[in-house]
Amino acid sequence: MSFSYISRYKVFRRILFALTTLGIIVMTAACSTTPAPFQKEDFAYVGTVKIDSSESVASLEKMYGGKVILHKPEAGLAIMGFSQAEGELTTLTTEENVELASPEMHASGTSSWASGVSSWANGNSSWASGYASWANGWSTWSSGMGAPSLPDASKAVFDLVGVSQALEAANHYGAGVTVAVIDTGFDLSHPLLVNSLAPASTWKDFIDGDNLPQDTQSLSGNNKMYGHGTAVGGIIAQIAPQAKLMPIRVLNASGGGDLSDVVQAVDWAITHGANVINLSLGTDYDLNTLRTLIDYATTQQVHLVMATGNAGKHGVDFPAKYATTATNEDFVLSVGSIDSSKRRSSFSNYDLDVEFLAPGEGVVSAYPGAMLAAFSGTSFSTPIVSGLVALGLGESGIHEMETALETTSGAVVGGNSEDGFGIPNALQFLNALSN
Ligand SMILES: [Ca+2]
Ligand SMILES: [Ca+2]
Ligand SMILES: [Ca+2]
């Protein structure tokens with residue numbers, strides 16, 4: 001016993017020595033050949049400036065200090081970031097560069113979030129075996145054999161909003177539509193996502209400052225939200241399998257991201273051709289900067305679909321709360337969660353700003369490493385509606401989708417006025433668009 005222990009220890013030490021030596025060689029090589037690592041801008045405050053076409057980046061930075069994050073004379077606005085030392089300007093309405101988070105993270109400390117996370121983790125292992133059957137279904141469909149059908153694992157949940165019937169009735173399955181997923185990034189090689197990705201030139205990673213928004217699991221720290229964006233993207237890919245997904249990474253491994261990155265991500269999505277933007281993230285703060293950009297997105301006929309939050313409370317997270325008050329609110333949709341019996345989920349925030357409720361418990365989707373998992377939270381209700389919007393846009397062209405969705409939505413069991421228009425019916429929605 002002890003001999004065995006000693007020899008294992010020696011082997012371990014040799015491996016450690018070899019790895020350390022290798023590490024020094026690699027580090028030495030890295031130091032001599034690679035540029036300094038990406039240093040994220042650390043803005044303490046952000047502010048929106050109304051500008052006309054005569055105001056350049058240089059003139060704005062000279063006037064206010066700080067740094068121009070977005071310069072959009074065509075929209076009549078610029079967004080600027082300021083350091084802690086520059087402080088909150090009195091000459092400009094600035095706000096703190098707050099952190100937005102995935103609802104599953106944002107509701108941290110509530111019992112609904114904790115139970116959501118444990119069922120997510122449990123779901124991952126129990127659903128992993130379902131992956132093989134789904135992948136077979138997809139390859140059958142993509143080789144041209146009839147309409148796409150949902151994997152057995154996710155059918156029951158998606159059919160709460162009638163997805164199977166809608167796919168049978170559809171002709172284009174979201175073809176020609178691009179959906180931006182502003183989230184933790186994707187597992188870019190996941191079999192459920194690889195055939196649905198928009199061109200790589202449209203991808204963006206604001207966490208690393210590069211163009212490869214690969215979700216990563218670091219070896220230390222809080223990685224509770226690893227796989228979040230992959231799941232969100234996978235839900236859209238199942239509902240609108242011919243739509244293209246544009247991954248934009250703004251949330252770090254623990255599920256948080258800066259306001260300054262989120263506004264840049266929304267702008268990136270608009271300028272790179274997204275028709276729909278999925279935002280399964282939020283905060284308690286009313287953010288003038290983000291609201292300004294959402295209003296601008298709606299003038300470009302870009303839909304934004306956003307999660308109402310998981311705190312199980314009266315009151316909706318921002319930016320979902322703008323769904324009823326944005327300039328062209330028909331392009332801005334807020335989504336809460338129902339359970340399998342079409343009752344509002346206990347964790348789903350409620351208020352008059354809720355517009356739609358979609359399944360958000362046990363939603364089966366992609367998990368990194370070519371796996372499937374079951375996911376719970378309003379983060380996963382939201383891409384169901386993004387998928388329906390993409391499906392609708394693919395069938396009928398680019399115009400607002402909210403009206404057709406709202407007039408065909410059905411009642412929530414035990415529901416009230418704080419459940420919005422209720423639960424979408426995908427088939428009736430498509431029928432309403434063709435009438
Ligand atoms: Ca990256
Ligand atoms: Ca709306
Ligand atoms: Ca409306």
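This is a predicted model: local features need pLDDT of at least 70, side-chain atom pairs count only at pLDDT 80 or more; totals for chains, interfaces and linings use all residues.
1. Seven strands form an open sheet, that is, 7 strands in the order E7-E8-E6-E10-E11-E12-E13, and the pairing is parallel. E7 and E13 are the edge strands; each has a single partner strand, so one side of each is left without a neighbour in the sheet. As background, strands of a sheet pair through backbone hydrogen bonds, in either a parallel or an antiparallel way.

2. One strand pair in detail. E6 and strand E10 (residues 276–279) run parallel and are joined by 3 bridges. One residue pair to look for is Val179 with Val276, its bridge partner in E10.

3. Helices on the sheet. Helix H11 (residues 378–396) packs on the sheet and touches E6, E10, E11, E12 and E13. The direction of H11 makes about 160° with that of E11. Helix H9 (residues 259–271) lies across E6, E7, strand E8 (244–249) and E10. Relative to E6, H9 runs at about 170°.

4. H11 against H13. Helix H11 also packs with helix H13 (residues 426–434), at an angle of about 30° and with the two axes 10 Å apart. That angle makes H11 roughly parallel to H13, since angles under 35 degrees are counted that way. The crossing of these two helices is right-handed. On the H11 side the contact is made by Leu388, Leu391, Gly392, Glu395 and Ser396, which meet Ala426, Phe429, Leu430, Leu433 and Ser434 of H13. By type, the residues of this contact divide into 6 nonpolar, 3 polar and 1 charged.

5. Thr184. This residue sits in the loop between strand E6 (178–183) and strand E7 (204–205). Is Thr184 buried or exposed? Thr184 counts as buried, because it has 33 C-beta neighbours inside 10 Å, and 20 or more is the cut-off for that class. Leaving aside residues up to four places away in sequence, Thr184 touches Asp215, Met225, His228, Gly229, Arg249, Leu251 and Gly255. For one of these, Leu251, the separation from Thr184 is 67 residues in sequence but 4.5 Å in space, C-alpha to C-alpha.

6. Helix H2. Of the 8 residues in H2 (residues 57–64), the number buried is 0, so this helix lies largely in the open. Just after H2 comes Gly65, whose phi is positive, at about 75°.

7. Tyr173 is not a glycine, yet its phi is positive, at about 55°. Tyr173 lies in the loop between helix H7 (163–169) and E6, and is buried, with 20 other C-beta atoms within 10 Å. Lys342, also not a glycine, has a positive phi of about 65°. The loop that holds Lys342 runs between E12 and strand E13 (356–359). With 18 other C-beta atoms within 10 Å, Lys342 is partly exposed.

8. A cis peptide bond. The bond from Phe318 to Pro319 is cis, and its omega is near 5°. Pro319 belongs to the loop between strand E11 (303–307) and strand E12 (332–338).

Note on methods. Residues are numbered from 1 along each chain as its sequence is written. Chains are lettered from A and ligands numbered from 1 in the order in which they are written. A residue is buried if 20 or more other C-beta atoms lie within 10 Å of its own, exposed if 12 or fewer, and partly exposed in between; C-beta atoms are placed from the backbone. Helices (H or I, at least four residues) and strands (E, at least two) are DSSP runs, numbered from the N terminus. Two residues are in contact if their C-beta atoms, placed from the backbone, lie within 7 Å. Two strands pair if DSSP finds at least two bridges between them. Axes are lines fitted to C-alpha atoms, for helices over the stretch in contact, and angles run from 0 to 180 degrees between N-to-C directions. Angles under 35 degrees count as roughly parallel, over 145 as roughly antiparallel, 65 to 115 as roughly perpendicular and the rest as oblique. A crossing is left-handed if the near helix is turned anticlockwise from the far one by less than a right angle, and right-handed if clockwise. Ala, Val, Leu, Ile, Met, Phe, Trp, Tyr, Cys and Pro count as nonpolar, Asp, Glu, Lys and Arg as charged, and the others, Gly among them, as polar.
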